[in-house]
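Open the model in your viewer and keep the selection tool at hand. Each stop below says what to select and what is there.

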Amino acid sequence: MRRGRRRQVGRLDREALAGVLVREVVNFSSYWRSTTFSSTVEPTIYLLAFGFGFGSIVSTVAGLNYVEFVGTGTVATAVLFSSVFPAMFGTFVKYKFQRTYDAILAAPVDTEELVTGEALWMAARAGTYGCVPLLVAMVFGLDPSPGMLTVPLIAFLTGLGWSAFGILIAAVMNSIENFNYVTSIVITPLFLVAGTYFPISGLPEWAQVAAQFNPLYHCVQLVRGAVFGFEGWVDVYHLAVIVGFGLVAWRAAINRMQRKLID
Amino acid sequence: MLEPPTAIRLRNVVKRYGPVTAVAGLDLDLPTGTCVGLLGPNGAGKSTTMKLLTAQAVADEGSLEVLGHILPRDSKPARAEMGVVPQLDNLDTTLTVEQNLLVFAYLYRVPKRERHAAIERALDIANLRERRGAKVDELSGGMRRRLLIARALVHEPRLLLLDEPTVGLDPQVRQELWALIDRLRSEGVSILMSTHYIEEAQRLADTVTVMAKGRAVAVGRPGDLVLEHAGQEALEVYGPPARLREVEADARGRGWATRRTGTSVTILRAERLDGDAPHGERRPANLEDVFVLLTGEEVA
C-alpha cells in the first residue's frame, strides 16, 4: 500500500515555504563564496572610495564624521545590491532558462509560496550582507552602539521589499536585456538619491520630495537612527514606508508571477 | 483509504491560448494502476494536457479530476500525491545527485524520519547509488533522465506523469528506461505517459489515447487499435516516386486505404487484397499505421 497521507494544505504552508527555502540553502552551498565575495567587497569599495575620496575634502556631514555618514549609508547600498539584482536575474534565469519553477510548481507549492520563499531567502541574505559596511566602518573608527543590533532587521525588511521588487521586474520583463532600463531609470537614481553619500538636504526641493518615496532613503535614515540614536516618530515613519513598500512589492510580485507561470 | 477507480478523469476539457485551441474537448480516463499512453504528433495538445493536470495551466472549459481531487481548486493535494517527469530536464545542475533528491524530499513533504530512506530508495531506482556525490553536470544523458524520474518518485506517488520520457536518448538508454517504467507499473503506480514514439506506447501502455488537434481521436488497447484501424497486414510497395504515385492512384480507385511512408506506399488491410495487388513486402500492421492514418502525420 502506497502512502495515503492526506494532509491539510492551505495558503502559505509552512512546509511549502520550507521546501523553497531548503532548495535555496542547498544551492547556496555551491556558490556562497562568490556571492559573499561580491556582496562584501562591492560596498566596501564604495565605502572606501567615498570615505577617503570625499572624506579628504569634507570632514563632517550632517553633524557626522564623513566615514560614519557613509559607513551607515552604505548599509542600504549593500542591501539593495544583494537583493534586487539576484532577484531580477536569478528569478528570470530560474523560470526561463533552468525551468526550476516548473519543477517547483508541479510539487505542492503555489506561486504565492514560491515568491514568498524566494523573497524571504534573498532578504535573509541582504540582512546579513547589509551589516558588512557597518563592520568595515567600525574598523575605520565607527563606535559600536547597542542600536546597531537592530540593523540586521532593518536590512532584512528593506531586502524583502527589494527582492520582491526584483521578482516583479523579472515577471514583467520578457527579456533579460530589458533589465538595463530598470537599472538605469529606477535603481541607479534611487541608489544615488538616498542620502547615502551626500545628504539630500543639499538637493533641490523636488528631489527632496522625491526622496520621500524612495524606500532606500528610509532605510538609510533608519540605519543612522539605529546607530546614532533613534529619534522617535520619524523613525516609525521610516519603518512604515519600508514595510509598506515591501507589502506592495510582495503582492505585486505574486500577482505578476502567477500570470507568468500559470497559463 | 479508498483508492478512486480512476486516477485521472477528464471530461470535455478545452484550453485556448488566444486564437489557438490547444486542447479542444478532450476526454481522458486513467484507470488506477494502469499505464495510459498519450500518443500524438507535436502540437496535438499532449504537453498542454500535462500542464492542466498539475494546474500549471487552467482549463477554459470542462472538468478535471485527479486522484479524486477536483482541479484546479484542489490541485495542491493532488500534486502532493503525484510525481511529474518533465520533458525538459530541470534538475539543479550545480547540485549533486543526492542534493537534488533531498530538495525534492522537502518540496514533496516527505516526513523527517522517512527522508533518509526515501532518498536511498530513489538512488536505487535511478541506479545512481555510486554517483550520489556527483554533480548533475557530470552525469550522462541517460543518468540525468533516470535521476529526473527518481526525483519524481521520492515521495512514493500513486500517480506518475511522464512527458516524453525518452525523447532524445540512445536506443539502449531508452530500453533501460522502459524497463524502469514497466517495473513501476507492475508495482501499482498509475502512469500517464505522453510520447510520440510509437514503439514506446506499444510496449508500455495498457491503453493508448491517440490525440490529434487537441482531441482524442481513438482510445483502446494498442493491439485492438491496430486491428480496428489498420487491419492485420500491411503491404509495402517500393519504387521511384512516379511508380508510387501510380500505386496510390490505383489503390484509391479500388478503395484501399493507403499511407505514404517516405520511400514506399503502404496499403493497409493487405490481408483482404485479392491476387492482383501490386508486388511488395507484407508485414504485420502496427500502431504507427494507426497513428498516421488517424493523425495524418508522418512519423520521423
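## Stop 1: a sheet in chain B

Select the open sheet of four strands in chain B, which has the order β12-β13-β11-β14 and antiparallel pairing. This is a predicted model, so treat every stop as part of a prediction. Now colour the edge strands, β12 (258-260) and β14 (281-284) of chain B. Each of these two pairs on one side only. Look along the sheet for its twist, which averages 25° from one strand to the next.

Next, pick strand β11 (residues 233-238) of chain B together with β14(B). These strands run antiparallel, and four bridges join them. Click on B:Ala234. Which residue of β14(B) is its bridge partner? The partner is B:Arg283.

## Stop 2: all of chain B

Zoom out to chain B. Its C-alpha atoms fill a box of roughly 75 × 45 × 35 Å, taken along the principal axes.

Colour residues 6-220 as domain 1 of chain B and residues 232-284 as domain 2. How far apart do the C-alpha centres of these two domains of chain B lie? They lie 38 Å apart.

Of the 300 residues in chain B, 47% are buried. Now think about contacts in chain B with a separation of 6 or more. Residues 24 or more positions apart account for 69% of them.

## Stop 3

Most residues other than glycine have a negative phi, and most peptide bonds are trans.

Select B:Leu71 and B:Pro72. Is the peptide bond between B:Leu71 and B:Pro72 cis or trans? This bond is cis, with omega near -5°. B:Pro72 sits in the loop between β5 (69-71) and α2 (75-80) of chain B.

Move to B:Arg109, in the loop between α3 (97-107) and α4 (112-126) of chain B. B:Arg109 is not a glycine, but its phi is positive, near 60°. B:Arg109 has 19 other C-beta atoms within 10 Å, so it is partly exposed.

Switch to chain A and select A:Arg99. This residue is in the loop between α2 (66-97) and α3 of chain A. A:Arg99 has a positive phi of about 55°, although it is not a glycine. A:Arg99 counts as partly exposed because it has 16 C-beta neighbours inside 10 Å.

## Stop 4: two helices in chain A

Select helix α6 (residues 151-172) and helix α9 (residues 215-228) of chain A. They pack at an angle of about 175°, with their axes 10 Å apart. α6(A) is therefore roughly antiparallel to α9(A).

Show the side chains where they meet. α6(A) brings A:Val151, A:Ile154, A:Thr158 and A:Gly161. α9(A) brings A:Pro215, A:Cys219, A:Leu222, A:Val223 and A:Ala226. By class, this contact has seven nonpolar, two polar and no charged residues.

## Stop 5: where the chains touch

Finally, show both chains. The contact takes 27 residues from chain A and 26 residues from chain B. On the side of chain A that touches chain B, α1 (14-53) and α3 (100-106) of chain A each supply at least two residues. Which element gives the most to that side of chain A? α1(A) does, with eight residues. The residues of that side of chain A divide into twelve nonpolar, six polar and nine charged.

Note on methods. Residues are numbered from 1 along each chain as its sequence is written. Chains are lettered from A and ligands numbered from 1 in the order in which they are written. This is a predicted model: local features need pLDDT of at least 70, side-chain atom pairs count only at pLDDT 80 or more; totals for chains, interfaces and linings use all residues. Two residues are in contact if their C-beta atoms, placed from the backbone, lie within 7 Å. Ala, Val, Leu, Ile, Met, Phe, Trp, Tyr, Cys and Pro count as nonpolar, Asp, Glu, Lys and Arg as charged, and the others, Gly among them, as polar. Axes are lines fitted to C-alpha atoms, for helices over the stretch in contact, and angles run from 0 to 180 degrees between N-to-C directions. Angles under 35 degrees count as roughly parallel, over 145 as roughly antiparallel, 65 to 115 as roughly perpendicular and the rest as oblique. Two strands pair if DSSP finds at least two bridges between them. Domain bounds come from an automatic or database domain assignment. A residue is buried if 20 or more other C-beta atoms lie within 10 Å of its own, exposed if 12 or fewer, and partly exposed in between; C-beta atoms are placed from the backbone.
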